[in-house]
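Try each task before you read its solution.

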Amino acid sequence: MALKPDTILIGDCIEQLRTLPDASVDLVFADPPYNLQLGGELLRPDNSKVDAVDDDWDQFESFAAYDRFTREWLAECRRVLKPDGAIWVIGSYHNVFRLGSALQDLGYWVLNDIIWRKANPMPNFKGTRFTNAHETLIWAARSREQKRYTFNYDALKAFNEDTQMRSDWHLALCTGDERLKDDDGNKAHPTQKPESLLYRVLLASTKAGDIVLDPFFGTGTTGAAAKRLGRHFIGIERDPTYADLARNRIAEVVPVTPDDLKITGSKKAEPRVAFGSLVEAGLLRPGDRLFCPKGEREARVRADGSLVAGEFTGSIHKLGALMENAPACNGWTYWRFKSDRGLQPIDVLRAQVRAGMQ
């Protein structure tokens with residue numbers, strides 16, 4: 001079957017996965033059945049019933065049956081992932097360890113586990129265990145051998161106020177207006193995830209235009225976040241009622257404009273610029289002096305792009321390390337040139353050269 005993005009496929013997830021072409025999607029996000037194995041009704045202290053997950057789709061006759069199901073859909077997801085693709089799976093303590101084992105057995109390579117710490121978890125009404133206040137997400141590459149996968153590190157750092165994003169995410173459960181309701185005012189789906197969770201997953205590990213597959217689509221949180229962020233989705237959902245809710249929900253999403261989709265890029269992905277290019281471009285001239293950060297030591301620029309300071313010569317990095325008696329040095333941030341604004345890093349000049357290259 002030809003791949004048709006922004007589509008919800010109705011039916012069994014494994015059967016529908018088998019219809020998708022090899023190496024056709026960039027990312028998989030999967031929120032599979034928990035297999036809660038509930039032994040009876042869960043009641044609050046006032047004897048009212050908790051709306052727990054007791055739907056047919058969460059029922060398996062044994063752990064062995066659940067494991068077979070898990071390996072089948074994970075194997076199909078690995079087949080349809082592109083060579084540089086990745087997968088996210090989310091689970092509770094009931095199933096996440098089985099999911100992790102299956103991922104590794106099938107050849108995926110675990111990159112991180114993320115703790116979603118719920119800001120407003122449901123209490124443990126019986127008082128017999130700790131309050132279950134988190135779920136775990138496993139992020140894995142398609143294989144150990146793959147050289148590349150998408151990780152928008154700098155965008156996440158900017159998102160987190162210039163602080164490296166941690167592996168524990170403090171986000172609220174899906175409540176209020178975001179929670180879809182049926183005609184009687186009850187929760188339309190028992191495990192609807194907050195869109196903020198999917199927003200962060202997609203911001204972290206996809207690019208605009210990527211195709212995200214969700215084999216347990218539910219009410220379409222993945223599709224809503226994908227549309228909002230300029231990504232495409234393929235959802236698989238066996239319950240037509242959930243699929244209809246998802247379709248209507250996604251239709252109301254207003255996507256972000258292309259200009260606003262641009263994210264902070266990685267410096268590693270920028271074009272390489274040699275220090276000699278600054279001399280070639282006339283931004284520095286042979287004989288110009290460069291200074292250490294505090295200005296007390298200096299070196300002269302030579303025609304070949306090397307520096308000289310007394311008896312020492314070498315690249316901007318080598319001479320910077322010698323000046324500081326250090327094993328290594330980033331010469332771009334170490335050396336300064338004199339301008340009408342005082343001493344500025346030569347990295348400012350490199351940025352000018354890069355702008356011309358682009």
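## Exercise 1: a glutamate in a helix

Glutamate 76 is buried, with a relative accessible area of 14%; buried means under 20%, exposed over 50% and partly exposed in between, using a 1.4 Å probe and protein chains only. Before going on, note that this is a predicted model, in which local features need pLDDT of at least 70, side-chain atom pairs count only at pLDDT 80 or more, and totals for chains, interfaces and linings use all residues. Residues are numbered from 1 along each chain as its sequence is written, and side-chain values use heavy atoms, with hydrogens and water left out.

Task: find the helix that holds glutamate 76, and list what glutamate 76 touches.

Solution. 
- Step 1. Glutamate 76 belongs to helix H2, residues 63-80. Helices (H or I, at least four residues) and strands (E, at least two) are DSSP runs, numbered from the N terminus.
- Step 2. Leaving aside residues up to four places away in sequence, glutamate 76 touches Leu17 and Arg18. Contact means heavy atoms within 4.5 Å.

## Exercise 2: reading the sheet

Task: give the strand order of the open sheet, then find its edge strands and the helices that pack on it.

Solution. 
- Step 1. The eight strands follow the order S1-S8-S7-S2-S3-S5-S4-S6, and the pairing is mixed. Two strands pair if DSSP finds at least two bridges between them.
- Step 2. Strand S1 (7-10) and strand S6 (168-171) are the edges, since each pairs on one side only.
- Step 3. From one strand to the next, the twist averages 20°. Axes are lines fitted to C-alpha atoms, for helices over the stretch in contact, and angles run from 0 to 180 degrees between N-to-C directions.
- Step 4. S1 and strand S8 (residues 232-237) run parallel and are joined by four bridges. Threonine 7 has isoleucine 234 in S8 as its bridge partner.
- Step 5. Helix H3 (residues 96-105) packs on the sheet and touches strand S3 (81-91), strand S4 (109-118) and strand S5 (134-141); the direction of H3 makes about 165° with that of S3.
- Step 6. H5 also packs on the sheet, where it touches strand S2 (25-30), S3, S4, S5, S6 and strand S7 (211-214); the direction of H5 makes about 145° with that of S6.

## Exercise 3: two helix pairs

Task: describe how H5 crosses H6 and how H6 crosses H7, and work out how many residues of H5 are buried.

Solution. 
- Step 1. Helix H5 (residues 195-205) and helix H6 (residues 221-228) have axes that come within 9 Å and cross at roughly 55°. That makes H5 oblique to H6: angles under 35 degrees count as roughly parallel, over 145 as roughly antiparallel, 65 to 115 as roughly perpendicular and the rest as oblique.
- Step 2. The H5 and H6 crossing is right-handed; a crossing is left-handed if the near helix is turned anticlockwise from the far one by less than a right angle, and right-handed if clockwise.
- Step 3. From H5, Glu195, Leu198, Tyr199 and Leu202 meet Thr221, Thr222, Ala224, Ala225, Ala226 and Arg228 in H6. By class, this contact has six nonpolar, two polar and two charged residues. Ala, Val, Leu, Ile, Met, Phe, Trp, Tyr, Cys and Pro count as nonpolar, Asp, Glu, Lys and Arg as charged, and the others, Gly among them, as polar.
- Step 4. The axes of H6 and helix H7 (residues 240-251) come within 9 Å and cross at roughly 20°, so H6 and H7 are roughly parallel to each other.
- Step 5. Thr221, Gly223, Ala224 and Lys227 of H6 make the contact with Arg249, Ile250 and Ala251 of H7. These residues divide into three nonpolar, two polar and two charged.
- Step 6. In H5, nine of the eleven residues are buried, so H5 is largely enclosed by the rest of the structure. Among the buried ones are Glu195, Arg200 and Ser205.

## Exercise 4: positive phi

Task: compare the phi and exposure of alanine 23 and glutamate 161.

Solution. 
- Step 1. Most residues other than glycine have a negative phi.
- Step 2. Alanine 23 has a positive phi near 45°. Alanine 23 sits in the loop between helix H1 (13-17) and S2, and is partly exposed at a relative accessible area of 38%.
- Step 3. Glutamate 161 has a positive phi of about 60°. Glutamate 161 sits in the loop between helix H4 (153-159) and S6, and is exposed at 71% relative accessible area.
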